[in-house]
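Let's take a walk through this protein together.

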Amino acid sequence: MKKRDFLTLSDLDRSEIEAVLTRAVEYKAGRAAGFGSNFLKGRTIGMIFNKPSTRTRVSFEVGIYEMGGRVVYMSDEQTHLSRSEPISHTARVLSRYLHALIIRTYEQAEIEEMAGSACLPVINALTDRHHPCQVLSDLFTVRERLGRLDGLKMAWIGDGYNMAHSWIQAATIMDFELRLAIPEGYGPDPDILDQARAKAGKPIVITRDPLEAARGAEVINTDVWASMGQEEEEAKRARDFSSYQVNSRLMAEAADGAMVLHCLPAHLGQEITEDVFEGPRSFVFDQAENRLHVQKALLEFLLNGPPCRPASRASERLSD
């Protein structure tokens with residue numbers, strides 16, 4: 001049995017996502033009732049974070065502690081990656097110390113190389129290309145509130161960036177309609193979009209009209225206009241995205257009782273207005289809380305696989 005990684009949402013199939021979400025329900029109920037888990041007792045999870053984080057870091061660390069595990073937290077400046085040590089060398093070393101590795105970085109290629117060289121499960125805690133842990137938790141939040149994912153109409157308003165990529169993959173796997181309102185020049189990666197459309201049972205539509213995307217949607221989702229690493233583009237993006245705001249006019253086009261999601265941090269008055277963010281349709285803070293429960297279930301799923309048994313070059317030579 002091969003070890004499992006979670007680098008994109010497509011690393012899990014539909015039945016596996018449903019199993020993780022169902023287990024997350026149990027973790028959430030258990031925490032509310034004061035019950036814990038010792039699944040990670042005696043295990044140490046590494047975290048390499050090269051980007052700032054509030055929700056991702058705290059939810060993973062608290063979840064690991066509550067499951068009886070330990071955490072080693074590092075930035076790249078605290079490792080020899082900052083001194084040009086090959087990623088593959090770091091991966092092979094960490095495989096001998098840790099039981100899983102959670103990485104938040106810029107390039108998707110970095111995390112893929114780490115996963116390819118490590119014999120332990122590697123989890124993508126955000127790259128410039130994908131944010132699968134966030135969207136897995138968002139799916140949980142939608143299912144928790146609406147009771148299903150199949151056949152829903154969901155809208156994405158904003159950048160065709162990492163969150164949009166993970167939502168596109170989610171639509172293909174979980175069979176819901178997705179409409180993305182994205183300004184010209186900020187669209188999703190064509191390869192990701194084409195691959196998803198080739199497999200999707202429901203439409204995945206790109207439009208320049210936010211009202212069209214929101215029309216009849218049960219879920220309205222957005223994110224900041226300028227993500228980490230895009231600060232120099234902030235003024236230009238503010239102009240280009242000015243009409244891509246989740247506000248009362250846009251919400252009037254959505255289905256009755258439509259949910260509003262935002263992965264945070266939010267810039268009120270830019271991508272979303274304060275009245276919508278703080279309104280009765282907003283489930284933003286439930287969405288943030290659910291990172292804790294879903295990631296516990298994800299860690300359990302991945303660590304139920306085979307133990308990490310790194311082979312040394314010496315043992316490989318002796319076996320030849």
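We'll start with the whole chain and then visit a few spots inside.

First, some ground rules: this is a predicted model, where local features need pLDDT of at least 70 and side-chain atom pairs count only at pLDDT 80 or more, while totals for chains, interfaces and linings use all residues. Residues are numbered from 1 along each chain as its sequence is written, and side-chain values use heavy atoms, with hydrogens and water left out.

The protein chain has 13 helices and nine strands; these are DSSP runs numbered from the N terminus, with helices being H or I of at least four residues and strands E of at least two. Its C-alpha trace spans about 70 × 45 × 35 Å along the principal axes. The radius of gyration is 20 Å, which agrees with the value near 20 Å for a compact globule of 320 residues. That radius is taken over C-alpha atoms, and the globule rule is 2.2 Å times the number of residues to the power 0.38.

How much of the chain is buried? Buried residues make up 53% of the 320, where buried means under 20% relative accessible area, exposed over 50% and partly exposed in between (1.4 Å probe, protein chains only). Now for contacts, meaning heavy atoms within 4.5 Å. Of those with a separation of 6 or more, 77% join residues 24 or more positions apart.

Next, the inside. In soluble globular proteins, nonpolar side chains tend to be buried together. A nonpolar core here is a set of buried Ala, Val, Leu, Ile, Met, Phe, Trp, Tyr and Cys residues joined through side-chain atoms within 4.5 Å. The largest one has 80 residues, and L139, W167, F176 and I220 touch the most other members. Helix 6 (residues 162–174) gives the most to this core, with eight residues. A second, separate core has 15 residues, including M74, L101, I111 and A115.

Let's look at single residues. I220 has contacts with, among them, A155, I157, V246 and L261. V135 sits in helix 5 and is buried, with a relative accessible area of 0%. Leaving out residues up to four places away in sequence, V135 touches L9, M163, S166, W167 and A170. A181 belongs to strand 6 (residues 177–181) and also counts as buried, because its relative accessibility is 0%. Although A181 and P210 are 29 residues apart along the chain, their C-alpha atoms are separated by 5.0 Å. P210 is one of the residues that A181 touches, and W156 and Y244 are among the others.

Loops deserve a visit too. H130 is in the loop between strand 4 (122–124) and helix 5 (132–146). Is H130 buried or exposed? With 3% relative accessibility, H130 counts as buried. The residues it touches include L7, N124, H165 and I192.

L126 lies in that loop between strand 4 and helix 5 as well. Although L126 is not a glycine, its phi is positive, at about 140°. L126 counts as buried, at 6% relative accessibility. D175, in the loop between helix 6 and strand 6, is another residue other than glycine with a positive phi, near 65°. D175 is partly exposed, with a relative accessible area of 22%.

One last stop: the peptide bond from L264 to P265 is cis, with omega near 0°. You'll find P265 in the loop between strand 9 (259–262) and helix 11 (274–277).
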